[in-house]
Amino acid sequence: MRADPAEYSLVSPGNLHAVLALMAREPAQWLPIAGGTDVMVLYSAGKLPNRKLINIWSLPELRQIEVFPDRIRIGAACTYTAMRTHDIVSREFPLLATAASWTGGIANQNRGTLGGNIANASPAADSLPALLVYDAEVTLISVRGARRMAYQGFHSGYKQTALAADELIRDISLPRRFSGYCSHARKVGTRNAQAISKVCLAALGLLANGTIRDVRLALGSVAPIPLRLNETEHVLTGKKIQPSLIEAIKKSVAREIQPIDDIRSTARYRTAVACNLVAEFLEKLATGGADA
Amino acid sequence: MNLAPAADAKYEVSFTINGEAKKVLAHPMERLLDVLRSDLKLTGTKEGCGEGECGSCSILLDGMLVNSCLVPVAQASGASIVTIEGMSAHALMKPLQKAFLECGGAQCGICTPGMILAAVHLLEKKPEPALADIREGLAGNLCRCTGYMQILEAVARAARRRVAK
């Protein structure tokens with residue numbers, strides 16, 4: 001059943017302070033809405049449990065991409081378009097820029113936001129594996145103050161996040177130390193735009209004297225949360241890439257993920273694809289980063 | 001601070017639409033798509049899926065291509081909106097119309113307003129798009145009739161003619 005707009009309220013306090021004050025006064029009552037690409041879909045279908053929404057789309061405090069010598073800070077309400085067209089994001093964080101280009105079509109990229117993607121907490125979200133491998137930190141803000149945490153600890157379970165009832169994501173910070181890495185982003189889905197991934201990979205690697213000095217792997221749609229492959233990374237570190245290693249690594253990936261059967265794919269297919277994507281990345285890394 | 005209107009109250013929203021200042025009375029969570037079609041009778045904007053997947057309801061909101069089914073009208077307050085009706089005076093409209101007709105890019109017509117707006121949004125940023133750019137620019141607009149090749153060719157043809165001038 002379609003939602004009746006008369007049953008919902010949407011307020012636009014106009015500045016961050018006023019938004020936080022209202023969220024503190026009535027915790028867990030107000031659902032933040034930025035570009036609406038997730039919220040409005042549920043709303044239109046009559047499936048949005050919240051009746052009170054608070055507009056954060058036009059808050060200038062959340063719309064900046066700030067560049068510092070050692071990191072960049074992306075405001076939570078920055079759109080996919082803003083990220084993929086930003087000079088430093090596209091040059092130094094290509095995994096994030098590429099994931100932004102996969103998300104929806106142009107119209108949804110003009111409205112969908114990075115903070116929204118994080119808060120919506122879908123394990124299939126395309127941009128979240130990139131945040132994991134880039135060691136992103138998120139800043140959460142409320143009237144009580146701001147706190148910064150590693151993005152890797154933000155999702156505690158399927159659709160569960162570290163956000164308190166009165167908190168908002170303010171920004172996402174990425175250290176600028178990965179531009180020398182070989183990077184690899186792959187989405188497997190029915191089509192690139194407008195289709196949710198069956199599996200997606202974000203990977204970074206650095207070789208020294210033919211062995212792996214550092215490697216970072218994250219997958220979407222293979223677990224209840226976006227998943228960093230810590231154990232597989234550990235096995236790879238210090239090794240020389242050769243066929244026997246790649247075979248062993250496929251087994252490690254299969255052990256580390258927990259994919260499910262759903263309308264988009266099967267656990268078996270997802271496992272095969274996840275292993276192959278990691279193998280494809282290692283082959284690319286071994287040949288010095290040229291695309292396979 | 002703009003205080004909360006009561007949940008069941010309509011309030012006045014003002015914006016510019018196709019160059020004209022307008023005011024409507026609406027609930028803040030009404031979809032901009034419904035306000036355009038029902039209140040303003042601008043029925044060139046079509047509803048396809050109603051969930052941001054098909055692009056039939058594409059409009060330009062402050063110059064950005066968006067799906068109007070996903071925009072609560074309160075977020076359009078003060079904005080400049082262009083719908084397909086507002087495109088008639090646009091320099092790209094005639095070349096696109098002609099190319100769509102020649103290439104068979106418009107059949108049942110439901111997706112066409114969105115396709116045209118997505119094409120305009122692309123060509124304003126990239127006057128000489130490669131085929132890959134056109135594919136990407138129109139990837140959020142679904143068509144159940146043409147199989148897409150005619151539409152992609154129409155946009156390419158309109159772009160070539162415009163550049164040749």
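Chain A has an open sheet of four strands in the order β11-β12-β13-β14, and the pairing is antiparallel. Strands here are DSSP runs of E with at least two residues, helices are runs of H or I with at least four residues, and both are numbered from the N terminus. Two strands pair if DSSP finds at least two bridges between them. At the edges of this sheet stand β11 (182-188) and β14 (227-228) of chain A, each with a single partner strand, so one side of each has no neighbour in the sheet.

Before I go on: this is a predicted model, in which local features need pLDDT of at least 70, side-chain atom pairs count only at pLDDT 80 or more, and totals for chains, interfaces and linings use all residues. Residues are numbered from 1 along each chain as its sequence is written, and chains are lettered from A and ligands numbered from 1 in the order in which they are written.

Back to the sheet. How many bridges join β12 to β13 of chain A? There are nine, between residues 199-208 and residues 211-220, and the two strands run antiparallel. As an example, A:Leu207 has A:Ile212 in β13(A) as its bridge partner.

Two helices of chain A pack on this sheet. Helix α5(A), residues 94-102, touches β11 and β12 of chain A, and its direction makes about 20° with that of β11(A). Contact means that the C-beta atoms of two residues, placed from the backbone, lie within 7 Å. Axes are lines fitted to C-alpha atoms, for helices over the stretch in contact, and angles run from 0 to 180 degrees between N-to-C directions. Helix α11(A), residues 267-286, touches β11, β12 and β13 of chain A, with its direction at about 30° to that of β12(A).

Helix α11(A) also has a helix partner. Its axis and that of α10(A), residues 243-256, come within 9 Å and cross at roughly 140°. That makes α10(A) oblique to α11(A). The cut-offs are under 35 degrees for roughly parallel, over 145 for roughly antiparallel, 65 to 115 for roughly perpendicular, and oblique for the rest. From α10(A) the contact includes A:Ile246 and A:Val253, and from α11(A) it includes A:Ala274 and A:Leu282. The residues of this contact are nine nonpolar, one polar and one charged. Nonpolar covers Ala, Val, Leu, Ile, Met, Phe, Trp, Tyr, Cys and Pro; charged covers Asp, Glu, Lys and Arg; the others, Gly among them, are polar.

Chain A has another sheet to look at. Three strands form an open sheet in the order β1-β3-β2, with parallel pairing. Here β1 and β2 (31-33) of chain A are at the edges with a single partner strand each, so one side of each is left without a neighbour. Neighbouring strands are turned by 30° against each other on average, direction ignored. Three bridges join β2(A) to β3(A), and A:Pro32 has A:Ile54 in β3(A) as its bridge partner.

Now the domains. Chain A is assigned domain 1 (7-55), domain 2 (60-175) and domain 3 (182-286); the bounds come from an automatic or database domain assignment. The centres of domain 1 and domain 2 of chain A, taken over C-alpha atoms, are 19 Å apart. Their contact takes 14 residues from domain 1 and 17 residues from domain 2. On the domain 1 side, helix α1(A), residues 16-25, gives the most, with six residues.

Chain B is assigned domain 1 (11-87) and domain 2 (93-164), with 22 Å between their centres. In chain B, helix α2 (residues 93-103) and helix α5 (residues 149-164) have axes that come within 8 Å and cross at roughly 135°. These two helices are therefore oblique to each other, and their crossing is right-handed.

Last, the two chains together. Which side gives 31 residues to the contact, and which 33 residues? Chain A gives 31 and chain B gives 33. On the chain A side, the elements that give two or more residues are β1 (9-11), α2 (39-44), β3 (52-55) and α6 (106-109). The largest share, four residues, comes from α2(A). By class, that side has 15 nonpolar, 13 polar and three charged residues.

Key:
A crossing is left-handed if the near helix is turned anticlockwise from the far one by less than a right angle, and right-handed if clockwise.
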